[in-house]
Amino acid sequence: MILRLIIVFSALLTAACRPSSDRLMEQEINTLLRGRAMKVGVAVLLDGRPVAVVNNGRYPMMSVFKFHQAVAVAHSMAQRQLPLTHTLHIGRKELQAPTYSPLRDSLPDRDFDITVGSLLRYSVQYSDNHACDLLFRHLLSTEECRTTLCDMGLRHFDITATEEEMRQSPQTCHANWSTPLSAATLLDIFLRRQADGDPRFTFIADCMTSATTGNARLKRPFLNTAIRIGDKTGTGGRNERGELLAVNDIGFVTLPDGRHYTIAVFISNSRETPEATEEVIAALSEKVYTLLAGHTPQKATDTESSSR
């Protein structure tokens, strides 16, 4: 009984000591989500400090895990002092599975050599399923990726299935899961490694800022602005009840004053349309930016747009 009272008192004390601005952000997020026919998890870290965490449960990552894989690959290559120009020899037969793959579609029907950097770009920027599985097959297995990320300090996630395994058995996607806070934390770890000047991490960040798969999600409020945002999306099909299994996006944003924040939004079991579900992510993205920056995203001038 005494232990329970101590735990409750500690939780109340922690909540009382949190900045009022943090509680305001969570209140605003919960208000925005009220009445939505979906499960939504959100986490926001400002310069590494959690400022909002809502519904921090397990969510299937879908292609979001390609970012996790990329971070693990970059870390492993840095440890082995291998550049992104390191070349792998790939058999054309490795690209036979019927799945989304701009890489496969761009190549002639023969074996080929490709750099690790090119595979990362296809996987992270274009969400190419074959590129992702080639990285698993030739560089780091799912278990090695998981171990590497754990060694980097990440918790509350798992990566077990490849894209091919999820294609063959869609329910396997639940094996690749994360909490929103864990995903936002990995983004912060990633940004700190990039700030240290490692070109491997800078390359991945450039792939994320150049990606267009999230233009209707986290990036939508920032289109035609000078704000730097990078993201990685993930999308699932429908479950047995006809609900959208997963509509996700995680990313980083640089504020005008130089601070940065990371944000993870995971949506599962949505009974709304794909467009309405993406709209929730876009609305959350704009709300978080407005609360942290003190104003809505400003459209870029012609000069800013051309120099971006």
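In the hairpin of β1 and β2, two residues sit between the strands, and Asp47 there takes a positive phi near 50°. Helices and strands here are DSSP runs, numbered from the N terminus, with at least four residues (H or I) for a helix and at least two (E) for a strand. The model is a predicted one, so to speak of local features takes a pLDDT of at least 70, side-chain atom pairs count only at pLDDT 80 or more, and totals for chains, interfaces and linings use all residues. Residues are numbered from 1 along each chain as its sequence is written, and side-chain values use heavy atoms, with hydrogens and water left out.

Strand β1 (residues 39-46) pairs with strand β2 (residues 49-54) in the antiparallel sense over five bridges; pairing is called when DSSP finds at least two bridges between two strands. Val42 faces Val54 of β2 across this pairing. β1 also pairs with strand β10 (residues 260-270), again in the antiparallel sense, this time over eight bridges, and Lys39 has Ser268 of β10 as its bridge partner. β1 is mostly covered, with seven of its eight residues buried, where buried means under 20% relative accessible area, exposed means over 50%, and partly exposed lies in between (1.4 Å probe, protein chains only).

Within β2 sits Ala52, which is buried at a relative accessible area of 1%. Setting aside neighbours within four places in sequence, Ala52 is in contact with Met25, Glu26, Ile29, Val42, Ala43 and Val44, contact meaning heavy atoms within 4.5 Å. Another buried residue is Thr277, with a relative accessible area of 0%, and its place is in helix α11 (residues 274-293). Not counting residues up to four places away in sequence, Thr277 touches Met38, Leu244, Val247, Ile267, Ser270 and Glu272.

Now for the helix packing. Two packed helices are described by the angle between their axes and the distance between the axes. Helix α3 (residues 65-79) and helix α9 (residues 180-195) have axes that come within 11 Å and cross at roughly 35°; the axes are lines fitted to C-alpha atoms, for helices over the stretch in contact, and angles run from 0 to 180 degrees between N-to-C directions. This crossing of α3 and α9 is left-handed, a label used if the near helix is turned anticlockwise from the far one by less than a right angle, with right-handed used if clockwise. On the α3 side the contact is made by Phe67, His68, Val71, His75 and Ala78, and on the α9 side by Leu186, Leu187, Phe190 and Arg193. Sorted by class, that comes to six nonpolar, two polar and one charged residues. In this scheme Ala, Val, Leu, Ile, Met, Phe, Trp, Tyr, Cys and Pro count as nonpolar, Asp, Glu, Lys and Arg as charged, and the others, Gly among them, as polar.

α3 has another partner in helix α6 (residues 129-138): the two pack at an angle of about 40°, with their axes 11 Å apart, and the crossing is left-handed. Here Phe65, Lys66 and Gln69 of α3 meet Asn129, Cys132, Leu135 and Phe136 of α6, giving four nonpolar, two polar and one charged residues. Eight of the ten residues of α6 are buried, so this helix is largely enclosed by the rest of the structure. Among the elements covering those buried residues are α3, β4 (87-90), α5 (116-125) and α7 (142-151).

The largest nonpolar core has 61 residues, and those with the most contacts inside it are Leu149 and Phe190. Such a core is a set of buried Ala, Val, Leu, Ile, Met, Phe, Trp, Tyr and Cys residues joined through side-chain atoms within 4.5 Å. α3 gives the most to this core, with eight residues. A second, separate core has 29 residues, including Val51, Val288, Tyr289 and Leu292. Leaving aside neighbours within four places in sequence, Leu149 is in contact with His68, Val71, Ala72, Leu154, Phe157, Ile159 and Leu186.

Phe157 turns up again in a sheet, with Ser178 of β7 as its bridge partner. β6 and strand β7 (residues 177-178) pair in the antiparallel sense over two bridges. The open sheet has three strands in the order β3-β7-β6, with antiparallel pairing; its edge strands, β3 (59-60) and β6 (157-158), each pair on one side only.
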